[in-house]
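Dear colleague,

I am passing on the structure that we spoke about, and below it you will find my notes on what turned up when I went through it. Please read them with the model open beside you.

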Amino acid sequence: MKLLNRTNLYFVLASLVVFCLGGVLFYFLFQLIIDKDFNYRLRERKNYYIETLAHSDSLLYFQKYSANSVEVARTGKFADSTETTSDTVLYDHIEKRLILYRQIAVNKYLNHQYYKIYVRRALVERKDIIEGVILLEVFLFLAFIMVLSLLNNQLSKKIWKPFYVILETINTYKVERPESLHFERDVITEFNELAAAIEKMTSKINQEFYTLKSFSENASHETQTPLAIIKNKLEVLMQSPGLLEEQMGMIDTALTAANRLSKLNEALLILSRIENRQFHNLEAININERINYHLATFDELIRMKGIRVKKEFHDILEVKMNSFLADILLENLVVNAIKHNAQAGSIIITIRRDGFEFANTGETLQEDPSRFFERFVKSNPKSTSLGLGLSIVKAISDTYHLTVRYTFSRNYHYIGVHI
Amino acid sequence: MKTLELREDHSLLLDAMKILLVEDEEALLSSARTYLKSEGYICEEASTFAEGLEKINLYEYDCVVADIGLPGGSGLKLVQELKSKRPETGIIVISARNSLEDKITGLDVGADDYLTKPFHLSELNARLKSLLRRRKFRGNREIIFHEIKIVPDTLQVWVNDQALTLTRKEFDLLVYFIANKNKVLTKESIVEHLWGDYIDSVNSFDFIYNHVSNMRKKLIAAGAHDYVHTVYGMGYKFLDA
């Protein structure tokens, strides 16, 4: 639920109470005004009848046509001439029902004659007033809600704009992007505070991220020289005459480990350089050509494993990217398809206008495919592979906004790269 | 100009070749020196930019191997200097960074070859030999090893004047073996030499065994001596005997 709707809900509930109270007050006020006006008119009528009666007594004969509105009768002598106002219910012959009247009863001595005069008027029924008030209230309430929501919509667009800008920016925020976040200042203090807090936080995150990154990069760099020394010394040592088999084995193991370490280092360095966007020169790379080239490089390996390679190049695909990265990408995919292939298996490489795909036979993998492109995830934990090949493929694809997907079906592993 | 000796078996000797190694890391310098000296080169060393500059100004070398990151200046500057003063000298640059830009700049300013640290000494040796062969013996680029004759330009191999068909990788392997004869070559160094320094290596070295044994069988079948020896636990050795 949006914050605005939430506040609006309370707003509406509160105004409902106010409108109800207002309705009651309205009713009484209405009643009061009507009453006052009614009484005034009734008195006026009374005066008129008295006036008429003073000139002639014809009213006595006409009153029967006036329904219940006037009643005049000759009476005997009476003591007082007081006037009483009261409400009474009488039967209306025209409407044929009981109706509430207000009447003024007055005793009057006119032209040597004593009269009793009732002047009546049908009262506005309470039911009608209530109906009117409710109708009015409902109309006002609806109008109020409509205006409120219209206003809120506009307000939310205008006032909440900086908030949505901030939200959008945070959503698309990437820690590896070098530029720190900056928001335009608004008139609203809370949003400015939020913007300032987020700017501060992200710049701190950025800083930490880069410190960490440069630390790991420097660490990798600094490791290269000692590694080179270890490797070279072992290489020299291994040329010494008269080494025992056991010693040779140890030298070889040490050398293999040092090699692995330096490969790992290189791979991590490459990854961080890709992520830091340090490869700039873009060229149109002919994917068909490069795949053919890498297949040729590993041709003997392919033949040794008895792998059949089927090329389904439907189109010539050119992608604008750095040639070095393109080669790393394609080489990794070729090596991957050979390495994880079965003996006498097959590789199918498909190239279409919108991308290319490597399919290779091989064992069913235990690993969750979604984790495939993560670093150090290996299908076989015992394998000496670094588990970085596909991370590099992913990193390069991401750099050029290519989507890379792994699927497995009918004994084939598919890795597709699409524009 | 040094005189080139021709041995009975017609292989060109590189004994007289003078190499300058410019590298600030003493430990690396000493292992390279040991390895190259055992190959018969005359090695001189410099550990700073200034020292390197002084030496290339004073002496003549057949080849200079220079690290790019040097105290006191870039090895690339040294390359430029050398190129203008002594264009006949072969140059190999070495960089700690596996960076394409360094490679391009290195080759642009006139280096003949490029190696990334860490590298195998056998690889450095093979690159040096190939470079010296290209630069020094223009008219005679053949590699002759006893009864084996190799023409790198045309990728041809003869055993006792009988042509031998090798695959590209077998050919490269043979050249690599002969360049590092009498040295133990690890499977890793062979893989890297043949397939390059790719990131996530295939790492199964069984196929190296297949490769070596295929090449060996072909050589023996053509009447060559069996020079390839397996060194238990480590790799192979091409014995000059």
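Predicted model: local features only at pLDDT ≥ 70, side-chain atom pairs only at ≥ 80, totals over all residues.

To begin with chain A, the buried residues of helix 1 pack against helix 2 (59-62), strand 1 (70-74), strand 3 (97-110) and strand 4 (113-122) of chain A. These buried residues are A:Lys46, A:Tyr49 and A:Leu53, and with a count of three among its 53 residues, helix 1 of chain A is hardly covered. The length of this helix, which runs over residues 3-55, can be checked: at 1.5 Å a residue it should span 78 Å, and because its end C-alpha atoms are 76 Å apart, the two values agree.

Chain B holds an open sheet of five strands in the order 2-1-3-6-7, with parallel pairing. Strand 2 (42-46) and strand 7 (113-116) of chain B stand at the edges with a single partner strand each, so one side of each has no neighbour in the sheet. On average, neighbouring strands of this sheet are turned by 20° against each other, direction ignored. Within the sheet, strand 1 (residues 18-22) and strand 3 (residues 63-67) of chain B pair in the parallel sense over four bridges, and B:Leu20 has B:Val64 in strand 3 of chain B as its bridge partner. Helix 1 (residues 26-38) of chain B packs on the sheet, where it touches strand 1 and strand 2 of chain B, and its direction makes about 165° with that of strand 2. Helix 5 (residues 121-136) of chain B also packs on the sheet, touching strand 3, strand 6 (90-95) and strand 7 of chain B.

As for confidence, chain B averages a pLDDT of 83, and 85% of the residues score at least 70. Residues 1-11 of chain B stay under 50.

Where the chains meet, 44 residues of chain A are in contact with 35 residues of chain B. The largest share of the side of chain A that touches chain B, 14 residues, comes from helix 6 of chain A, and by class this side has 20 nonpolar, 14 polar and 10 charged residues.

With best wishes

Definitions and conventions. Residues numbered from 1 in each chain as written. Chains lettered and ligands numbered in written order. Helix = DSSP H or I, 4+ residues; strand = E, 2+ residues; numbered from the N terminus. Expected span 1.5 Å × (residues − 1). Buried ≥ 20, exposed ≤ 12 C-beta atoms within 10 Å, placed from the backbone. Contact = placed C-beta atoms within 7 Å. Pairing = 2+ DSSP bridges. Axes fitted to C-alpha atoms, helices over the stretch in contact; angles between N-to-C directions. pLDDT = per-residue confidence, 0-100. Nonpolar A, V, L, I, M, F, W, Y, C, P; charged D, E, K, R; others polar.
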